[in-house]
Structures are given as structure tokens and as C-alpha cells.
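Work through the exercises below with the sequence and the model open. Each task is followed by a solution in steps.

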Amino acid sequence: MEKLISNWSNVQSVPENYIFPLETRPGEDLNIPVNNNIPIIDLNEAQNGDRDHTIQQIIKAAQEFGFFQVLNHGISKNEMKETMSIFKEVFEMRYEYKKNLYLDDDLKTCKIFTSSLRYESEKVHLWRDSLRHPSHPLEQWIHLWPENPMRYRECVGDFSIKIKELGSRILDLISKGIGLKCGYFENDLAGSMITSINHYPPCPEPSLTLGLPKHKDAYLITILMQDDVSGLQVLKDGNWINVEPLTHAFVINIGHVLEIISKGKLKSAEHRAVTNSTYSRTSAAFFIAPSDDCLIEPAQDLPDDNNQPALRSFKYKEFLKQFFDTNGDTDLLLKPFEVPNN
Ligand code: OGA
Ligand code: NI
């Protein structure tokens with residue numbers, strides 16, 4: 001519990017074991033301009049107007065950036081505001097409430113922890129605390145969620161159902177856009193959802209630390225709700241760009257599993273979270289993922305891309321294990337799944 005950064009008092013400097021090596025710390029990249037921002041897509045159009053145009057916009061964004069923001073997605077401002085304030089409250093709760101959720105064994109389904117799930121073995125710690133739990137199918141997990149704040153289960157439960165629906169709508173548009181049959185993801189392939197709430201307290205020396213290091217998400221798509229503090233950066237053509245918080249928008253990004261299924265047609269971009277010295281920042285990531293035993297393989301209906309390795313089918317849980325064992329290094333990650341070509 002003492003390790004949670006949100007429990008530290010009077011933090012004047014960054015402890016040695018939170019300082020990233022020169023090559024990976026953000027340094028000057030904290031002050032990059034915002035002109036090359038990721039695409040913003042109005043989902044209202046898909047509902048009431050030109051669905052094909054929306055599909056084109058999504059596919060273009062997913063190919064060029066691996067990231068986009070959506071507006072008019074059907075979830076109200078009030079619901080977003082209320083859910084975000086409950087998420088923030090989690091990290092401000094009194095010691096005894098937080099303690100019940102604190103990770104003391106890796107198998108705990110709903111847990112608060114700091115840095116990453118590999119705290120003991122990681123070289124540098126991350127400037128973030130996190131709460132993580134599965135959120136779909138809701139009835140399977142909700143009884144394990146926090147009992148405090150008191151409205152957590154009810155409010156986050158309703159919100160999760162809406163987020164999962166939004167995810168299905170986006171996956172539908174994506175499957176149409178890349179030439180997969182309608183409903184391709186309406187089964188075990190999108191059979192689970194993990195909620196991961198990130199809380200990044202103010203950091204006295206943001207240029208030395210990271211809230212999350214460069215990574216890809218090991219899922220199908222991620223739906224991210226940010227508060228009004230910036231911190232998310234995406235790697236685009238070798239440069240970091242800032243994703244500015246946009247009121248009432250969700251940030252969507254393509255996960256590594258969707259890159260594999262789409263035979264590399266869609267890009268899972270690397271991204272990271274930086275910290276700042278003034279404000280704490282909270283973000284909630286909803287990872288839409290296959291069920292553990294679901295078989296993953298490049299979609300047979302799609303034409304081959306000769307630059308992509310041919311992959312055997314594998315269980316999603318095999319992939320996840322490999323993902324965490326290789327720290328998401330995509331070269332190493334796919335090796336055990338490649339079909340030898342002789
Ligand atoms: C993540 C992630 C970004 C953020 O949770 O995987 O990339 O802005 N979060 O918190
Ligand atoms: Ni991520």
C-alpha cells in the first residue's frame with residue numbers, strides 16, 4: 001500500500017528507481033506542438049447519414065495513425081462526467097477502503113496496484129497507480145468490483161454496458177471497412193472487456209519519468225476516456241504526437257490482435273503516457289478483447305499481405321502470456337506463432 005504514489009505525501013523529487021534511461025525518457029518531447037493531431041470522427045453520420053463515409057474515415061485513421069477520436073457516440077456528457085468522477089474518487093479513498101483492493105496476489109480479479117503488474121521484476125517503476133478488473137460479461141464480474149465509492153458498481157456497470165455496445169458498433173464499421181462479413185466480431189472474438197483505470201499523480205520531474213512506457217495494446221480495440229489533462233502520446237512516423245483531451249470524445253486505438261486478424265491492414269500504434277508537475281491525470285481504458293480460449297488467426301477471407309508473416313491459429317491466452325513475457329516486443333512476440341515456410 002505504501003508503494004501507491006497516490007499515498008505518498010510531499011513528493012519533492014523523483015526517486016532513483018523511477019528515472020528512465022536517457023533513450024526512453026520523454027525529455028524535450030514533453031513540449032511538442034499539437035498541430036499534427038489524430039483524426040476526429042463524428043459517429044452521428046454513420047447513424048443518420050453516410051455510413052460508408054464514416055467507414056472510410058475510420059479505416060484511413062486506423063491505417064495511418066492506429067488512433068482516432070470519436071464524437072457523437074451516444075454516451076451522454078453527464079454519464080461520462082459522473083463515471084470519471086467516481087474513477088477519480090477511487091484513488092482519493094481512505095486507506096482502509098483502498099487496502100481491501102490492494103493487490104496482494106496476482107490472481108486477484110479486481111485490484112489496485114502501482115506501476116505495472118511486474119513491480120518486483122521491472123527495472124524502472126512507472127509514475128502511475130491503477131485499478132483493473134474485467135467488466136464483460138458484467139454479471140460474471142460485477143460482484144468482485146469495489147464496494148466503495150458507493151455508486152461504483154451501479155454507475156460503472158451501466159457505463160460498461162454502453163461502452164461495450166459502442167465497441168461493437170465500431171468493430172462492425174471496421175469489419176465492413178476491411179471486407180470481413182457483418183458480425184465477424186460478434187462472438188468470442190470480442191467476448192471480454194477489461195477496465196483499466198490509470199491515475200497519474202503530479203510528478204516533480206516529468207521529463208525523467210513515464211506514466212506508461214511505449215507499448216501496443218494486446219487487445220482488439222481500446223476505448224479510452226481521458227479527463228481534461230493531456231498526457232497521451234502516439235508514435236507516428238518516428239515522432240511523438242500529443243493526443244489532446246477533447247471534451248466528450250473517446251479515443252479509440254487499434255490493438256495488436258486486430259492488427260493480426262486484419263493481416264496488417266490496420267495498424268496498432270505504439271503509445272505512452274507522460275506525466276506533468278501540476279495536475280493529476282486520470283484515464284479509463286476499456287480493452288475489448290477475445291475470450292481466453294478463443295482462437296485467433298489472420299482472417300482467411302482477406303488477401304495476404306506478403307510483408308506479414310503467416311501465422312498459425314493460437315488461443316488468445318497463449319498470445320497474452322507471450323505478450324507479457326516479451327514485454328510486447330512485436331518481433332519476438334509473433335515468432336512462436338509463425339508458420340515455417342519450408
Ligand atoms: C493504456 C494506455 C493511455 C493513457 O492503458 O494502455 O495506453 O492515456 N493508456 O492513460
Ligand atoms: Ni495502451
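**Exercise 1. Sort the residues that line the second largest pocket into nonpolar, polar and charged.**

Solution. Six residues of this lining are nonpolar, four are polar and five are charged. The classes are nonpolar for Ala, Val, Leu, Ile, Met, Phe, Trp, Tyr, Cys and Pro, charged for Asp, Glu, Lys and Arg, and polar for the others, Gly among them. Next, take the volume: the second largest pocket holds about 350 Å³ of space. A pocket is an open set of points on a 1 Å grid over the protein atoms alone, where a 1.4 Å probe fits, with protein on both sides within 12 Å along at least five of seven lines; lining residues have an atom within 4 Å of a point. Points are joined across faces, edges and corners, and the volume is the space filled by probe spheres set on them. Then look at the centre: of the 15 lining residues, Q226, D227, D228, T247 and H248 are the closest to it. Finally, assign the elements: helix 3 (77-92) and strand 7 (221-226) each give two or more residues, and helix 3 gives the most, with six. Helices (H or I, at least four residues) and strands (E, at least two) are DSSP runs, numbered from the N terminus.

The model is predicted, with local features needing pLDDT of at least 70 and side-chain atom pairs pLDDT 80 or more, while totals for chains, interfaces and linings use all residues. Residues are numbered from 1 along each chain as written, chains are lettered from A and ligands numbered from 1 in written order, and side-chain values use heavy atoms, without hydrogens and water.

**Exercise 2. Which residues coordinate the nickel ion (ligand 2)?**

Solution. The donors are H215 (NE2), D217 (OD) and H271 (NE2), at 2.1 Å. Donors are N, O and S atoms within 2.8 Å of the metal (3.2 Å for Na, K and Ca); water is not among the atoms, so sites may look incomplete. Their spacing in sequence is H-x1-D-x53-H. H215 lies in strand 6 (residues 212-215) and H271 in strand 11 (residues 271-273), so the pair ties together parts 56 residues apart in sequence.

**Exercise 3. Is H271 buried or exposed?**

Solution. H271 is buried, at 5% relative accessible area. H215, at 22%, is partly exposed. Buried means under 20% relative accessible area, exposed over 50%, and partly exposed in between (1.4 Å probe, protein chains only).

**Exercise 4. Locate the cis peptide bond from H136 to P137.**

Solution. Omega of this bond is near -5 degrees. P137 sits in the loop between strand 4 (129-136) and helix 5 (138-141).
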